[in-house]
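Here are some notes for a colleague who is opening this structure for the first time. Please keep the sequence and the model side by side while reading the points below.

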Amino acid sequence: MGLFRIFSGKSPEAHEEKGDECFRNAAYGEARIEFEKALNKIKTRYPEKSHLSDRIAQKHQKASEALAQNHVENARDLAEAGDTREAAEFYELAMGLTENAATREKIQQGLSGLVRGKKEMRRHAEQQYSDSAAEPDLSGRPGQFDTDEADMFAVLCHALPEEIAEEYRSYGDAFVRGYTALNQGDFSTAVTELSAAMAQNPEKPLIVLELATACLHAEQHDRARQLLETCLEQSPGEIRAYQLLCELFWENGQYSEAWKLLAASPEEIQESRDMQMLMGETFFQAGDMEKAMGMFQACADAHGEDEIVSRALAKTLEASGHVTEARDAYARIMNECVSCQQRIDPFIKRRFAELSFQSGETSTKLLDLFFSLVQEDPDNRGGYYQRIGRLYEKQGESDQAARYLELAGQMRQQA
């Protein structure tokens, strides 16, 4: 199938009709996508049909609400079966779809129920409170769970492998606060709280890794390096410590230090997928694209070419100036996402569109892609308007070209 198989030349009415059919068949997700396509086509290609927008928008919202209800039902079934991680994911998906206040309240209740419904978690929280009441709270805050933090921490744990999640739940209140702060971008609080958690739980490498991550973000590089080197002394096979140390070395341009570190790693992990990717990325960061490509390809040959490896290969081809090959690599990632019914990352779309433009492509399909990016990635819409204007220019539509180039100019002035 061709590179542009993900794009459609249908009219808004055709998408609406397809959406209606999907809705009748209870395929609410597909219906929602079709209504989105219809609305996007009206905004970008058929402004004279704006009278259809209200009707289709109502259908889109109706499909979203129906899909949200399906997700809530699935979440309840999974929760009853004991699969709280998947249940939490379905609740979060539903929350992102619904605008109904009653439904959102039910979702929040269900999500909170996952946090408080497990007897083990409740007993653990009570024990932590009892223990902390006899000890000074190192953060200067009450030694108990804050409800919002506990809920957020539970959601974060649901995204982790279960054995790691269980470890994290055992580390106490300071870790709950620090880990939550780290994931919310409050790095100063994260350093303080995770330091307290490490003092309360000595020789726990997972806490060291989270604290080192917080220190990196807080620009405390010396402390981060010390923590990570100590972690590797205790656990020489901890790949995440190698990854964090390499990030620190890359940021400071210390590529020889990165290579020294990787060369000293245990032989049993050097051929692992993660370590091969780390070696390839170190070549990439150091500007040696040929060796980076060789290492990424070796990783693909040994462990299979998943999306992470494909992205690495694509970006290396692009950095090497191989425009056509890079464009085709991004297209393969997009097509794979479509085959698996996954949302395409706007970054991948953007790189594919940009490289297509650079290679001289001027088709209406590329124009449609840039229009879709305006909706999906509004932070970069000024650049998309500029490309849209240039494409119209090359197609001989001077009025449309002037319109979008003017919009691009306005966006630059606002920035």
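**Notes on a helix pair and its surroundings**

1. The crossing of helices H13 and H14 is right-handed, and the residues that make the contact are Tyr242, Leu245, Cys246, Phe249 and Trp250 on the H13 side, with Tyr255, Glu257, Ala258, Leu261 and Leu262 on the H14 side. Please bear in mind throughout that this is a predicted model.

2. Two packed helices are described by the angle between their axes and the distance between the axes. For H13, which covers residues 239-251, and H14, the angle is about 160° and the axes lie 8 Å apart. Because angles over 145 degrees count as roughly antiparallel, H13 is roughly antiparallel to H14.

3. H13 itself has 13 residues, and the distance from its first C-alpha to its last is 19 Å, close to the 18 Å expected at 1.5 Å a residue. Its buried residues are Ile239, Ala241, Tyr242, Leu244, Leu245, Cys246, Leu248, Phe249 and Trp250. The elements that cover these buried residues include H11, H12 and H14, together with helix H15 (267-270) and helix H16 (273-285). Just after H13, Gly253 takes a positive phi of about 70°.

4. Tyr255 belongs to helix H14, which covers residues 255-263, and it is worth a separate look. With a relative accessibility of 26%, Tyr255 counts as partly exposed, since that class lies between the 20% limit for buried and the 50% limit for exposed. Leaving out residues up to four places away in sequence, Tyr255 touches Trp250, Gln285 and Ala286.

5. Is Thr213 buried or exposed? Thr213 sits in helix H11, which covers residues 205-217, and it counts as buried because its relative accessibility is 13%, the limit being under 20%. A polar atom of the Thr213 side chain lies 2.9 Å from the backbone oxygen of Leu209. Once neighbours within four places in sequence are set aside, Thr213 is in contact with Leu182, Arg240 and Leu244, and Leu244 is one of the buried residues of H13.

6. Within H10 the buried residues are Ala190, Val191, Glu193, Leu194, Ser195, Ala196 and Ala197. The cover over them includes helix H9 (173-183), H11 and helix H12 (221-234); H11 and H12 are also among the elements that cover the buried residues of H13.

7. Two backbone angles deserve a check by eye. Most residues other than glycine have a negative phi. Glu203, however, has a positive phi of about 60° although it is not a glycine; Glu203 is placed in the loop between H10 and H11, and it counts as exposed because its relative accessible area is 70%. Ala26 likewise has a positive phi, near 65°, in a residue other than glycine. Ala26 is found in the loop between helix H1 (12-24) and helix H2 (28-44), and its relative accessibility of 42% makes it partly exposed.

Methods: Residues numbered from 1 in each chain as written. Predicted model: local features only at pLDDT ≥ 70, side-chain atom pairs only at ≥ 80, totals over all residues. Heavy atoms only, no water. Helix = DSSP H or I, 4+ residues; strand = E, 2+ residues; numbered from the N terminus. Buried < 20%, exposed > 50% of the residue type's maximum accessible area, 1.4 Å probe, protein only. Polar contact = N/O pair within 3.5 Å; in protein donor to acceptor, adjacent residues only side chain to side chain. Contact = heavy atoms within 4.5 Å. Axes fitted to C-alpha atoms, helices over the stretch in contact; angles between N-to-C directions. Parallel < 35°, antiparallel > 145°, perpendicular 65-115°, else oblique. Left-handed = near helix turned anticlockwise from the far one by under 90°. Expected span 1.5 Å × (residues − 1).
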